[in-house]
Amino acid sequence: MRAAPVAATPDLPRITPLLAVEDLSKTFDITPGLVDRMMHGPRMLHAVDGISFTVNPGETLGLVGESGCGKSTTARLITRLISSTGGRVLLRGQDVLAMPQREFAPLRKSMQIVFQDPFSSLNPRKRVGQIVGRSLAIHMGLRGAALAERTIECLVAVGLSPDHVYRYPHEFSGGQRQRIAIARALAPEPELLIADEPVSALDVSVQAQVLNLLRSLKEQRHFSMIFISHNLSVVEYLADSIAVMYAGKIVEAAPAEQLFAKPLHPYTQALLAARSEPDPHAPVRRVEAKGEPTIPINPKPGCRFASRCPIAIAECSQADPPLEAKEPSHEVACIRA
Amino acid sequence: MEVIGLHVQFTTPRGVINAVNGVSFTLEKGETLGIVGETGSGKSVTAFSLLRLVSNPGRIVGGAIRFEGQDLLSLSERNMRGIRGREIAMIFQEVMTSLDPSYTVGDQLRELLQVHKGHRGREAQAAVIDLLTRVRIASPETVVDRFPHQLSGGMRQRVMIGMALACEPRLLIADEPTTALDTTIQAQILDLLDDVQSELGMAMVFISHDLGVVTRVSDRIAVMYAGRFVEMGDKFQIFDDTLHPYTRGLLDAIPRSGSKTRPLQPVQGTVPDLHHPPSGCPFHPRCARAEARCEIDLPPFQEWRPGHWAACHFAGDFDRSSPSPGEVG
């Protein structure tokens with residue numbers, strides 16, 4: 001078990017994390033059929049491969065990576081939407097993955113999730129009031145007038161209006177639907193909000209509205225957040241600390257300012273260089289990483305980024321590089337960092 | 001290329017909308033014009049119009065599109081076909097518009113080269129490998145025997161670029177070619193387009209909703225809103241001397257490096273329904289600078305500085321008053 005980055009400044013006492021993920025893994029068997037299995041052995045996709053990190057109370061962790069890195073799978077593992085194949089997820093010290101369903105159910109109140117697609121994450125046959133109200137009824141036991149009143153408060157808190165309770169999701173724009181999804185997620189007053197690419201499907205001006213909303217709600221209510229995105233600039237706006245994922249592993253983890261000021265892993269450097277700024281004065285950097293993101297199927301030992309890495313050497317392909325602190329609070333999985 | 005007063009209408013069950021409502025611009029040889037806009041701005045329709053690819057329920061109803069002196073809108077379909085793919089090529093966001101899923105990449109490229117350049121047999125095969133190498137596909141000998149679905153998104157995009165460049169067109173129209181790709185792959189493709197453009201001396205019209213990407217590839221940028229250009233200039237003018245409030249809004253709404261301390265200032269409200277466009281300036285309901293006049297008079301798209309155009313009564317003369325956090329939108 002290794003230490004995970006703490007967002008607090010060095011002179012504050014050590015805080016007990018709200019969430020501690022330890023060695024979490026999820027492997028999918030994607031062998032096409034019986035004959036393939038007999039002839040070539042099973043094909044296993046190591047979607048999430050032994051990752052560890054912590055989230056402190058009130059902190060926002062940005063989980064960053066491109067498609068196939070395992071960040072969305074991680075979100076689903078933490079909330080038990082899919083089952084894990086290894087590791088622990090400790091919520092206030094208790095392993096939520098090991099609990100029986102009955103014991104876990106009330107904890108859903110504490111960990112809520114907002115998804116990327118505002119069009120498929122809301123039940124089209126329910127009115128907005130019912131969608132948000134259901135969460136309140138189940139997790140807070142509210143009924144009748146108290147339920148109705150609290151539902152309206154939740155909608156107003158995300159910038160919608162009371163009469164929206166009667167409408168159906170299809171009557172709203174993408175940005176408004178994300179607000180509804182956020183209202184639903186925050187209704188039971190969770191300690192942890194997981195936002196899986198919440199603004200990626202939205203237009204730029206609407207993205208900004210939703211990001212500002214998340215930021216101000218966080219300031220008011222002090223919940224922790226895991227913000228998942230492939231867009232580093234968006235993550236920079238909200239995150240206190242950042243973990244970069246590649247092919248199922250965390251390759252770098254540090255407080256946000258440190259990561260942007262001094263990225264240590266070649267993949268993080270490539271991600272930063274690949275950003276396109278709307279500033280014509282900013283120098284355009286050519287991306288040094290060649291090829292496509294690695295898909296970790298039956299991975300061989302060695303760094304999974306080696307085949308794309310501009311500074312890879314022979315040793316890189318021999319053993320998995322451990323995730324280690326090369327500087328205070330700054331961990332990297334690279335033997336050349 | 002010279003586009004003058006382009007008008008494209010779409011007939012929908014709810015009525016007729018002006019998807020492109022009087023767009024004009026020029027493009028010099030070797031130059032890249034980036035057209036940026038959000039959903040419903042009309043940028044993709046504009047792109048398709050340049051190659052007369054707009055079909056039912058859409059129709060080009062007005063304007064002129066001159067390419068090297070020739071008015072494309074007055075050509076016969078037969079002559080237009082001679083231009084498409086040869087002199088003017090196009091690449092799309094959805095790669096499968098160009099690639100047939102039932103044939104291998106090699107077969108499709110060979111056919112293309114045979115038809116357009118008259119290559120035969122082994123010569124065609126060599127030309128195919130050469131093309132794939134030019135778009136930086138590793139191990140092209142393996143890729144020729146693959147079907148499109150067996151390739152990753154980035155590779156398919158490279159194949160599509162290869163196809164578009166096979167005839168060394170003088171103009172490439174790129175409609176959101178990198179939007180669906182991962183960040184590092186997107187950057188690779190943009191670098192590739194940059195190199196290829198310099199090699200061929202090719203002009204490009206690059207369409208995207210991403211102002212960062214557009215800035216990276218373009219010399220000049222046009223900002224589009226509700227079917228019209230609201231601002232156009234070289235990329236430094238757009239950024240350093242922004243004339244239109246919507247452009248300013250887009251710039252302020254994008255999180256940038258080092259922006260953590262500065263709150264994002266989103267553009268309030270939503271894009272208009274083109275069935276019931278606002279009177280006067282289409283942006284006025286969302287504009288912090290709007291006055292009574294903006295509701296009545298449509299501001300003309302005019303040249304406020306050399307080479308820098310805008311459609312606003314108060315071009316450049318606006319100040320964002322105290323921003324309010326995101327509201328109903």
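Trainee: How closely do the axes of helix 4 and helix 6 of chain A come, and at roughly what angle do they cross?

Mentor: An axis here is a line fitted to C-alpha atoms, for helices over the stretch in contact, and angles run from 0 to 180 degrees between N-to-C directions. Helices (H or I, at least four residues) and strands (E, at least two) are DSSP runs, numbered from the N terminus. In this case, the axes of helix 4 (residues 128–140) of chain A and helix 6 of chain A come within 7 Å and cross at roughly 25°. That makes helix 4 of chain A roughly parallel to helix 6 of chain A; angles under 35 degrees count as roughly parallel, over 145 as roughly antiparallel, 65 to 115 as roughly perpendicular and the rest as oblique.

Trainee: What kind of model is this, and how are residues and chains labelled?

Mentor: This is a predicted model, in which local features need pLDDT of at least 70, side-chain atom pairs count only at pLDDT 80 or more, and totals for chains, interfaces and linings use all residues. Residues are numbered from 1 along each chain as its sequence is written, while chains are lettered from A and ligands numbered from 1 in the order in which they are written.

Trainee: Which residues make the contact between helix 4 and helix 6 of chain A?

Mentor: Two residues are in contact if their C-beta atoms, placed from the backbone, lie within 7 Å. Helix 4 of chain A brings Val128(A), Ile131(A), Val132(A) and Ser135(A), and helix 6 of chain A brings Ile180(A), Ala183(A) and Arg184(A). By class, these residues divide into 5 nonpolar, 1 polar and 1 charged. Ala, Val, Leu, Ile, Met, Phe, Trp, Tyr, Cys and Pro count as nonpolar, Asp, Glu, Lys and Arg as charged, and the others, Gly among them, as polar.

Trainee: At what angle do helix 6 and helix 7 of chain A pack?

Mentor: Helix 6 (residues 174–186) and helix 7 (residues 204–221) of chain A pack at about 20°, with axes 9 Å apart. That makes helix 6 of chain A roughly parallel to helix 7 of chain A. Their contact includes Ile182(A) and Leu186(A) of helix 6 of chain A, and Val210(A) and Leu213(A) of helix 7 of chain A.

Trainee: How many residues of each chain are in contact with the other chain?

Mentor: 39 residues of chain A are in contact with 42 residues of chain B. On the side of chain A, the largest share, 10 residues, comes from helix 7 of chain A. That side of chain A has 19 nonpolar, 13 polar and 7 charged residues.

Trainee: How is chain B divided into domains?

Mentor: Domain bounds come from an automatic or database domain assignment. Chain B has domain 1 (1–87 + 170–264 + 298–317) and domain 2 (95–166). Their centres, taken over C-alpha atoms, are separated by 28 Å. The contact takes 11 residues from domain 1 of chain B and 9 residues from domain 2 of chain B. Helix 7 (residues 183–200) of chain B gives 5 residues, the largest share of the domain 1 side.
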